[in-house]
Amino acid sequence: MVHLTSIPKEDELRDGLDLSDSTALKAVHLQLANDQDHFTTSVYGSRFAAADLPRHEMPDEEMPKEVAYRMIKDELSLDGNPLLNLASFVTTFMEEEAEKLMTEALPKNFIDYEEYPQTADIQNRCVSMIGRLFNAPVKDAEASSAVGTSSVGSSEAIMLAVLAMKKRWKNKRVAEGKPYDKPNLIMSSAVQVCWEKATRYFEVEEKFVYCTPERYVIDPKETVDLVDENTIGICCILGTTYTGEYEDVKAVNDLLVERGLNTPIHVDAASGGFVVPFVVPDLEWDFRLENVVSINVSGHKYGLVYPGVGWVVWRSAEYLPQELVFNINYLGADQASFTLNFSKGASQVIGQYYQLIRLGKHGYRAIMSNLTRTADYLADSLAALGFIIMSKKSGQGLPLVAFRLKEDPDRNYDEFALAHQLRVRGWIVPAYTMAPKTEGLKMLRIVVREDFSRNRCDGLISDIRSCQGILEQMDKESIKKQQEFIHKQHVVSGKASHNHPKYRKEKHSLQGKTGKTHSIC
């Protein structure tokens, strides 16, 4: 996600330091060296180490490469440890050989098919493998060939899928002589924010199927009941970001078929697309269902590639209108292109191909099986500590654990206080307010990724127990003061100053309207 930031005015650039008493400051510098060094000592003996890094304006002079590297590296050391970031699905480990290939591909502009035709072919191989993984109808001689493309991530893939659904619906309405000014899309209130962006950017009405305190996914009947002549499609999520539960795509599909509706289904398999085929291969959610017309998946989540790469596949060319596709000629042949982005690096696509052929189906199955076992172990351990487990076990959902505290009027802390206390130990375990109409339900979520070993899991469980013990010894006022301090000093959102005042406290999103907080992907 790209964040908007405001450009500070000149009078806002002062860092708050009071330099009014300059005489005293000058005195402490009288005996200090002031040579214009040429970086003949160590990095920290150079003049650059005694000066602020540029923040708002490009410097007039250059600096040695070793100094630039060290200064930036030192600043980045203040970031959190990716291995302890249990909020994100995004891959934090790849083998050294994969990293070498990706580094060697950094100069390549992926979109330059003429210059890098082999890289383009590698993308096509990935699309073919992923399409077959999702049971694209490649064996049907009469069916049009399935098509797909890479993207920067699932957000772009979803934008492309929504564009395709809207254009196809509009073409049909125009051919029938009917109005086409009120398209709508049906989806869960637990969708990731990119779905809200897609509907707003492309002027599509949102029809939400709301979660309840007992149900965190769409209800199939309620979903299909919302379908009308202006519905461009239905979004079903293969692994919601809150609890990891798989929505019942087959039930939605079967209800549509039963009622004679040909409403398209798009499956948002951003997280589950590389999990379900290996852990529960018999679950029907993909192109085996006749109304599923498109699927997106994130390569940088359980596809095991560093960010950002995503994929989108259509059942056949019939579901991707021709007027959305552009042809780029290279070496005398046309290359079809459907993308919101143009120039982008080739590294992530190459990283995806490495993982697909390096691991194969057996390797992916072994990794996803281990993640499922670790998630089940963590869920059982948290249940033993008295937490209510909200996520599914044994492969019925993503390898994550969503949990909350039991109701206790005498307890002085909530899920957010526990998340803040864990932050002191280095763990990033996010707390959320659940989707709207769940009575303000609070929850925590731990994502189990490839590098989250059983040993690290035991360390986390021990720290959760210790943090609970600390919080239970504190009174309500002390907990409140500690949360305020941690939020202000340790949590970036508490120190954020880059948001332009015009864009704060918007009221058009689910978060703005209901107070729902979007879970991290």
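Okay, let's start where Ser155, Ile158, Met159 and Val162 in H5 meet Cys194, Trp195, Lys197, Ala198 and Tyr201 in H6. By "meet" I'm talking about contact, which is heavy atoms within 4.5 Å. Those contact residues of H5 and H6 split into seven nonpolar, one polar and one charged. For the bookkeeping, Ala, Val, Leu, Ile, Met, Phe, Trp, Tyr, Cys and Pro count as nonpolar, Asp, Glu, Lys and Arg as charged, and the others, Gly among them, as polar.

Before going on, the ground rules: this is a predicted model, where local features need pLDDT of at least 70, side-chain atom pairs count only at pLDDT 80 or more, and totals for chains, interfaces and linings use all residues. Residues are numbered from 1 along each chain as its sequence is written, and side-chain values use heavy atoms, with hydrogens and water left out. The H and E names are DSSP runs numbered from the N terminus: helices are H or I with at least four residues, strands are E with at least two.

Back to the pair. H5 is residues 154–175 and H6 is residues 193–201; they pack at about 40°, with axes 9 Å apart. Axes here are lines fitted to C-alpha atoms, for helices over the stretch in contact, and angles run from 0 to 180 degrees between N-to-C directions. So H5 and H6 are oblique to each other; under 35 degrees counts as roughly parallel, over 145 as roughly antiparallel, 65 to 115 as roughly perpendicular, and the rest as oblique. H5 passes H6 in a right-handed crossing, meaning the near helix is turned clockwise from the far one by less than a right angle, with anticlockwise being left-handed.

Now another helix pair. The axes of H3 (residues 96–104) and H10 (residues 347–384) come within 8 Å and cross at roughly 150°. That makes H3 roughly antiparallel to H10. The crossing of H3 past H10 is right-handed. On the H3 side you have Glu97, Ala98, Leu101 and Met102, and they touch Ser347, Gln348, Ile350, Gly351 and Tyr354 in H10. That contact divides into five nonpolar, three polar and one charged.

On to sheets. Seven strands make an open sheet, in the order E1-E7-E6-E5-E4-E2-E3, with mixed pairing; two strands pair if DSSP finds at least two bridges between them. E1 (147–151) and E3 (205–209) sit at the edges with a single partner strand each, so one side of each has no neighbour in the sheet. On average, neighbouring strands in this sheet are turned by 20° against each other, direction ignored. E1 pairs with E7 (residues 310–314) in the antiparallel sense, over five bridges, and Gly148 stands opposite Val313 in E7. Packed on this sheet is H8 (residues 249–258), touching E4 (231–237), E5 (265–268) and E6 (292–298), and its direction makes about 180° with that of E5.

There's also a four-strand open sheet, E10-E11-E13-E12, with antiparallel pairing. Its edges are E10 (388–389) and E12 (431–433), each pairing on one side only. Two bridges join E10 to E11 (residues 400–404), with Ile388 opposite Arg404 in E11. Lying across E11, E12 and E13 (442–447) is H11 (residues 415–424), at about 35° to E13.

One I'd point to is Arg125 with Asp121, at 2.9 Å, N to O. Both lie in H4 (residues 117–133), four residues apart, about one turn of the helix.

How values were computed: Salt bridge = Lys/Arg side-chain N within 4 Å of Asp/Glu carboxyl O.
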